[in-house]
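Walk through this structure with me, one set of side chains at a time.

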Amino acid sequence: QAMIDFFVPLLKVLDHLLVIGLLNADELHRVLIAFDSVAFSTEAEPWSGLISVGTQELVKLEVARLLQHLCDCQLRRKIERIVAFARSFVKDVQKCQEE
């Protein structure tokens with residue numbers, strides 16, 4: 001119960017910060033290291049992350065929500081880049097057709 005009382009509110013705050021765009025890349029990397037240091041850490045001796053220790057289901061659910069929002073943010077950024085490229089490309093093509 002103590003783990004739920006500690007981690008669930010913390011993970012919810014991190015999730016909200018991620019969704020509104022207040023986590024920079026370095027902070028996000030630290031969060032990912034806290035989840036699974038083996039996968040995300042560059043240190044020689046990684047320690048057990050939050051996912052690898054026996055965490056309760058509510059904590060795992062909040063981690064899953066945060067990771068889902070992370071994927072959504074990454075997808076949104078990729079789509080925004082594609083749209084920006086398409087706008088630029090169409091603008092250049094139209095400019096060439098006018099000439």
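Rings of Phe, Tyr and Trp (its six-membered ring) pair if their centres lie within 6.5 Å; planes under 30 degrees apart count as stacked, over 60 as edge-to-face and the rest as tilted. The model is a predicted one: local features need pLDDT of at least 70, side-chain atom pairs count only at pLDDT 80 or more, and totals for chains, interfaces and linings use all residues. Residues are numbered from 1 along each chain as its sequence is written, and side-chain values use heavy atoms, with hydrogens and water left out.

A search of the whole structure turns up two aromatic pairs. Phe6 and Phe7 make an edge-to-face pair, with centres 4.9 Å apart and 75° between the planes. Phe6 is exposed, at 52%. Phe7 is partly exposed, at 21%. The rings of Phe85 and Phe89 have centres 6.0 Å apart and planes at 20°, so this pair is stacked.

Helices here (H or I, at least four residues) and strands (E, at least two) are DSSP runs, numbered from the N terminus. Phe85 and Phe89 are separated by about one helical turn, because they sit four residues apart in helix H4, residues 57-98. Phe85 is exposed, with a relative accessible area of 59%.

Helix H4 also holds Lys60. Lys60 is partly exposed, at 39% relative accessible area.

Now the charges. Side chains of opposite charge can pair when their charged atoms come close. For a salt bridge, a side-chain nitrogen of Lys or Arg must lie within 4 Å of a carboxyl oxygen of Asp or Glu. How many salt bridges does a search of the whole structure find? The search finds two.

One joins Asp26 and Arg30, at 3.0 Å from N to O. Asp26 and Arg30 are about one helical turn apart, because four residues separate them in helix H2 (residues 25-35). Asp26 is partly exposed, with a relative accessible area of 41%. Arg30 counts as exposed, at 56%.

The other joins Glu62 and Arg65, at 2.6 Å from N to O. Both residues lie in helix H4, three residues apart, about one turn of the helix.

Asp15 is buried yet has no salt bridge; the nearest side chain of opposite charge, Arg65, is 6.8 Å away. Here Lys and Arg count as positive and Asp and Glu as negative, while His and the chain ends are not counted. Leaving aside neighbours within four places in sequence, Asp15 is in contact with Arg65, Leu66 and His69.

Next, the cysteines. A disulfide is a covalent bond between the sulfur atoms of two cysteines. The test used is a pair of cysteine sulfur atoms within 2.5 Å. The structure holds zero disulfides. Cys73 is in none; its nearest cysteine sulfur, that of Cys71, is 9.3 Å away. Cys73 is buried, at 3% relative accessible area. Cys96 is exposed, at 56%.

Finally, step back to the whole chain. Which secondary structure does the chain contain? It has four helices and zero strands. From the N terminus on, the elements run α-α-α-α. Of the chain's 99 residues, 23% count as buried. Among contacts between residues at least 6 apart in sequence, 60% join residues at least 24 apart.

Key: Buried < 20%, exposed > 50% of the residue type's maximum accessible area, 1.4 Å probe, protein only. Contact = heavy atoms within 4.5 Å.
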